[in-house]
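Let's take a walk through a two-chain protein model. Have the sequence and the 3D view ready, and follow along as we go.

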Protein chains: 2
Amino acid sequence: MANVLTSKEEDYSQWYNDLVDEAGLAEHSAVRGCMVIKPYGYSIWEKMQGALDKMFKDTGHSNAYFPLFIPKSFLAKEASHVEGFAKECAVVTHYRLKDSDEGIIVDPDARLEEELIVRPTSETIIWNTYRGWIQSYRDLPVLVNQWANVVRWEMRTRLFLRTAEFLWQEGHTAHATRDEAVKEAEQMLEVYADFAENWMAMPVLKGIKTPNERFAGALETYCIEALMQDGKALQAGTSHFLGQNFAKAFDVKFTDREGKLDHVWATSWGVSTRLMGALIMAHGDDNGLVVPPRLAPLQVVIVPIYKKAEEIGAISEAVEKIMEALKSKGISVKYDDSDKQRPGFKFAEYELKGIPVRIAIGPRDLEKGTVEIARRDTREKMTVSMEETPAKVAALLEEIQQNIYKKAKDFRDANTRPADSYDEFKQLLEEKGGFIMAHWDGTAETEQRIKEETKATIRCIPLNNPKEKGKCILTGKPSEQRVIFAKAY
Amino acid sequence: MANVLTSKEEDYSQWYNDLVDEAGLAEHSAVRGCMVIKPYGYSIWEKMQGALDKMFKDTGHSNAYFPLFIPKSFLAKEASHVEGFAKECAVVTHYRLKDSDEGIIVDPDARLEEELIVRPTSETIIWNTYRGWIQSYRDLPVLVNQWANVVRWEMRTRLFLRTAEFLWQEGHTAHATRDEAVKEAEQMLEVYADFAENWMAMPVLKGIKTPNERFAGALETYCIEALMQDGKALQAGTSHFLGQNFAKAFDVKFTDREGKLDHVWATSWGVSTRLMGALIMAHGDDNGLVVPPRLAPLQVVIVPIYKKAEEIGAISEAVEKIMEALKSKGISVKYDDSDKQRPGFKFAEYELKGIPVRIAIGPRDLEKGTVEIARRDTREKMTVSMEETPAKVAALLEEIQQNIYKKAKDFRDANTRPADSYDEFKQLLEEKGGFIMAHWDGTAETEQRIKEETKATIRCIPLNNPKEKGKCILTGKPSEQRVIFAKAY
């Protein structure tokens, strides 16, 4: 069977687009920059949501919902915030259409007094709400998360990675002290790293952004950075310490235990459907998606192999028992006995979709009391007795989860390199990509010049970064530590 | 302790507003007509979502996600559809703000070529997408649901009941035959009725809407109608048979088994955060919300009663055992040992929030090996031995679920009355409210006149409605059946 995907080697970008399309994950819609998340893609997102939501609740957060629209004046209240979002936002100006000689038109009489922005992020509307929720230290902390759609009018879009509308969660917390807010921002970074590594099987670097790359309105932006198979970095989640910026902009004060009035301290943190892009690029291969078992909506598929219609009865009977045993272990399994497609077609289809384990069973297997098990990650096949199948599959799912993490980590480690001169830096970027550890003089100007000249950005200054004296690769000025550079999505 | 809510008797509408506010369910936002769903309100909505989502999946549906924006021209493609939604929609006309002498303004150079409507419902964008998904009968049925926010620019808003933005789910299915689509619309009506009755404990009438009250673009609208405690009806869910209207508007055709090309048949169906309003009004009382145990985010709260600090240790120890036993039965329980509030305050607070079961335990109880259990629905209290508590609570939760359903059903039945003349009809409406069963001549004119003169609308023509010869209450013309009238939310 011909491969339906362009190979990664040949054209990585086309491979990604082919995979998103062929595996039924998402497609472009008729609205510029907005995607349709197709049922299979959405079912993986739902698994991500479920795992993250539980982690948020386990750390004391509740969900809530805030308006889609933000008054223009709200956005303007925090200076660097509006700077960051004004250039790419959807603006609602009218609230009615009407019939006319030229067909349906926007009714000029239905102009809004104040324009509304479709939320690009919700700090402003949420902090305006928190003013009513917080009077005293007794009302703190406020630990709230929202699952929502947001819109940023991106001009160059890419399914999952960069779209005008995307789905995300945004946590917004309020605290009595600076310390507590910083701890919250750090805690949520740990939650994201835990999710990335233990659910997505994707190793990440934890660090802080340079001032240049901070979220608009934050005092500190923590991030997790992953490395994709083409050697480009992907920011997979951010957690911001916002200081008192939004509390000041929206006048949110509280009385502390001593009766003193002070502004509230804030954090916000988010991950988005961008993680779907990360998942695809972290593990996918030329045969399709590879879904980590813990996030797989479907973990096992069973395909009967038979020539004569009368053989299917006995096969199905054996399958029934295996299915029951798998389900009792909490494993999701589907029996695909549809006669519309041949087994080879089904195999390719389930490989495309990245189903972790495939079981095939035919009359010969029945005789011998065995099945054929194929794992998606290595594509190895093995013959296993029916009785041992449930235990073997359970172990295999765990093994696959570990294996794809290890593979991604080995790749990341092999593609994290030091550079000690600007020439070496540029050569590495050109020939190898990956994370490059280099000295930087700490100035925005240098960072900017390197970005303009090489397209590489500082992805992060790793947490607990070892101190090491050195010289900035561009200016030769003294530096105390290496930072992580890469080209990025 | 003074009651924080206006009594229902005194001012039902104010009672509702007070309850939504005091129980921490929702509040108005700074954006006209848009609400903030607060954490406790949202946690009940999450329980509703969870139950409904499982029912949708059990009936073969998958979730997906479609764009927030709809090109103006799409809305215009189905004539009655645009008629229904054009008058109250949010229109995006620009995609950028800019700095100016007058502060931040909409950038006149960033005008969209075609205006985008914030989705009031998604039939058009979804059917435009389905054109690419459906070629042959093999691609059918398409059974997709979306959880999303929608916007309808309502001028008179009410928290949960009528807001400019609300959350909902919208199912959109595509079928090869008319029959199959009708069956799907009917099946989803049954799902909604099942949910309303068995989860929300809210009895509903199942019926079809008159042509006047149909969804814009539907051939048939099925609905469930509930009766609130003030005698007004509330439409709690609708399921539409859309015929081939949208398939024709968006040119979605398929090849059937015989190779013949035909347009696809459609349904759509939805329920929204309006159900939160229904839940409040179906069961709430002057002490607050009454949450059906099956939808309660928190089913049991335990409050320690003590005077001296040294008493709390032994109480907490006993509570720990009860909590474990309750949790092992899948019951959600919280131990509120906070010393910030007195027990009386806590009792009132948990009554406001409608927690189904409250357990109080003090030193005297410890001695006797008992606890005091209070049920929210009847406010009865009982003394139960500690060993029997877990079993008793489990039984009580089930009993409360049944009891509040029965109470609501008895109320509905007692407030469903026949009227045989227009005078009697008007008098009943004025003095009693409720559902009124009356003969109607079947014309839109009569329906409209009755609405204008009395504010009552035909809520539905019940499914399996008994035939009965009679005369229209307004015109005296012959009629074959009674239909259900009421004033409605």
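## Where the two chains meet

Chain B and chain A bury about 4,900 Å² between them, and carbon and sulfur atoms give 70% of that area. Buried area here is the accessible area (1.4 Å probe) that two parts lose on being put together, summed over both. On the chain B side, B:Tyr65, B:Tyr95 and B:Leu97 supply 14% of the area that chain B buries against chain A, more than any other three residues.

Before going on, a word about the ground rules. This is a predicted model, where local features need pLDDT of at least 70 and side-chain atom pairs count only at pLDDT 80 or more, while totals for chains, interfaces and linings use all residues. Residues are numbered from 1 along each chain as its sequence is written, chains are lettered from A and ligands numbered from 1 in the order in which they are written, and side-chain values use heavy atoms, with hydrogens and water left out.

How many residues does the contact take from chain B and from chain A? It takes 62 residues from chain B and 62 residues from chain A, where contact means heavy atoms within 4.5 Å. Across this interface there are 28 residue pairs in polar contact, both residues being at pLDDT 80 or more. A polar contact is a pair of N or O atoms within 3.5 Å; within protein, one must be able to donate a hydrogen and the other to accept it, and residues adjacent in sequence count only if both atoms are side-chain atoms.

The interface of chain B and chain A also has two salt bridges, a salt bridge being a side-chain nitrogen of Lys or Arg within 4 Å of a carboxyl oxygen of Asp or Glu. The side chains of B:Glu46 and A:Lys57 meet in a salt bridge at 2.9 Å, N to O.

## Thr93 and its strand

Now find A:Thr93, which sits in strand E5 (residues 91–94) of chain A. Helices (H or I, at least four residues) and strands (E, at least two) are DSSP runs, numbered from the N terminus. E5(A) pairs with strand E5 (residues 91–94) of chain B in the antiparallel sense, over three bridges; two strands pair if DSSP finds at least two bridges between them. In this pairing, A:His94 has B:Val91 in E5(B) as its bridge partner.

Is A:Thr93 buried or exposed? A:Thr93 counts as buried because its relative accessibility is 1%, and buried means under 20% relative accessible area, exposed over 50%, and partly exposed in between (1.4 Å probe, protein chains only). The side chains of A:Thr93 and B:Thr93 are joined by a polar contact of 2.6 Å. Leaving out residues up to four places away in sequence, A:Thr93 touches residues including A:Leu112, A:Glu115 and B:His94.

## A buried Phe in chain B

B:Phe69 belongs to strand E4 (residues 69–71) of chain B. With 0% relative accessibility, B:Phe69 counts as buried. Residues from both chains touch B:Phe69, among them A:Val31, A:Trp153, B:Val92 and B:Ile125.

## A hairpin and a covered helix

In chain A, strand E20 (residues 370–375) and strand E21 (residues 381–385) run antiparallel and are joined by five bridges. A:Ala374 stands opposite A:Lys381 in E21(A). E20(A) and E21(A) form a hairpin with five residues between them, and A:Arg379 in the turn has a positive phi of about 65°.

Helix H8 (residues 274–283) of chain A is mostly covered, with ten of its ten residues buried. Its cover includes helix H1 (12–22), helix H2 (39–58) and strand E16 (265–272) of chain A.

|---|---|---|
| A:Leu140 to A:Pro141 | about -5° | between helix H5 (123–133) and strand E9 (142–151) of chain A |
| B:Leu140 to B:Pro141 | near -5° | between helix H5 (123–133) and strand E9 (142–151) of chain B |

B:Ala201 has a positive phi of about 60° although it is not a glycine. B:Ala201 lies in the loop between helix H6 (178–198) and strand E11 (205–208) of chain B, and is buried, with a relative accessible area of 0%. B:Asp251, also not a glycine, has a positive phi near 55°. B:Asp251 is partly exposed, with a relative accessible area of 44%.
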